[in-house]
Amino acid sequence: MKEQGMADLVVGVDLGGTNTSVGVVDESGRQILHETFPTHPRESAAEFVVRLAGAIHELVGKLGPGAALRGIGIASPAANALRGTIESPANLGWGTVNIVEMVRKHFTIPVSVTNDANAALLGEQRFGVALGMKNVILLTLGTGLGAGISVDGRLLEGENGSAGEIGHMTVDPGGRMCGCGRRGCVETYVSASGVRRTVLQLLAERLDDSPLRGISFNDLTAETVSRLASGRDPVALEALTTTGVYLGRLVANLAAAFDPEAVVLYGGLVNAGEILVGPARLAFEKYAMKAYQGKVRILVSSLNNGEAAVLGAGCHVRGLLSGVEAA
């Protein structure tokens, strides 16, 4: 006898700049199985898809007889849901690739792709802290910075399917070089990679005795910075406070544009907790227009282990399946 829900399973994929997560998800949002593997920035998209297909086949093999997948949903930076493509992701050297067609070569079930922030927002609206919210923004604080935006209950995709790339809004025209090829993008300050760069800058400007001085830039992680900040290391604390201030200013600008009920913070950097989120809330109240002060909540994802994008990717392909079935 099949386990309840085993006939209505989809795969959700969260393709990140550092790691890729794959989950088999049932209709209630429960991950039956889950696997994470490194994303190699130097490999081609075709090489990545072969590894991804292998991971999915391996998970399906663990489900046992009688289990069948209905679809595969992929969440990725720089994804265009309208075209089925990933278009020159800043942290991967792929150019523009039709990821849907590439994955379909390995499977006979429907495949969809959507921006990772949009997927995470769908996951939070269906299963997480944004449940029931119609006007809400989700910010992905990972290797880069992206946004999923819901206006009056509808996901904002834009004319060309590329809405929400707020990580590449310019905050300092002569500032840090970004993976997109321009300078001063906000994700070079507000992201895990941005925190690392801020630490490097602070170490050059300050004389504090810090364990960070013994860590090479290549070995430094945002997790290490968060851990040291929790131990009151002055350089780590200032790095996360500075990041939080940039984040709060960004939320103030987004509030002026979209008037959301809440902004949800999602991704590995959020694990820094109040050391990051506290300064962000203070900066928001300082820089926001009076019309939004005290009204826009800054929330942290309620889903475990950053699973919102996996769940949301599953929701996205379920939407595709529903459209096909209704046609």
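This is a conversation about how some terms apply to a predicted protein model.

Visitor: Why are helix 5 and helix 6 called roughly perpendicular?

Guide: The axes of helix 5 (residues 222-230) and helix 6 (residues 234-258) come within 8 Å and cross at roughly 115°. Angles of 65 to 115 degrees count as roughly perpendicular, under 35 as roughly parallel, over 145 as roughly antiparallel and the rest as oblique, and therefore helix 5 and helix 6 are roughly perpendicular to each other.

Visitor: Which residues make the contact between helix 5 and helix 6?

Guide: Contact means heavy atoms within 4.5 Å, and here Val 225, Ser 226, Leu 228 and Ala 229 of helix 5 meet Ala 236, Leu 237, Ala 239 and Leu 240 of helix 6. By class, this contact of helix 5 with helix 6 has seven nonpolar, one polar and no charged residues, where Ala, Val, Leu, Ile, Met, Phe, Trp, Tyr, Cys and Pro count as nonpolar, Asp, Glu, Lys and Arg as charged, and the others, Gly among them, as polar.

Visitor: What makes Ala 236 count as buried?

Guide: Buried means under 20% relative accessible area, exposed over 50% and partly exposed in between, with a 1.4 Å probe and protein chains only; Ala 236 has 0% relative accessibility, so Ala 236 counts as buried. Leaving aside its neighbours within four places in sequence, Ala 236 is in contact with Leu 212, Val 225, Leu 228 and Ala 229.

Visitor: Why is helix 6 called oblique to helix 7?

Guide: The axes of helix 6 and helix 7 (residues 274-287) come within 7 Å and cross at roughly 40°. That angle makes helix 6 oblique to helix 7. The residues of the contact of helix 6 with helix 7 divide into 14 nonpolar, four polar and one charged.

Visitor: How do you know that the radius of gyration agrees with that of a compact globule?

Guide: The radius of gyration is taken over C-alpha atoms, and the globule rule is 2.2 Å times the number of residues to the power 0.38. With 327 residues, a compact globule would have a radius of gyration near 20 Å, and the protein has 20 Å, so the value agrees.

Note on methods: Residues numbered from 1 in each chain as written. Predicted model: local features only at pLDDT ≥ 70, side-chain atom pairs only at ≥ 80, totals over all residues. Heavy atoms only, no water. Axes fitted to C-alpha atoms, helices over the stretch in contact; angles between N-to-C directions. Helix = DSSP H or I, 4+ residues; strand = E, 2+ residues; numbered from the N terminus.
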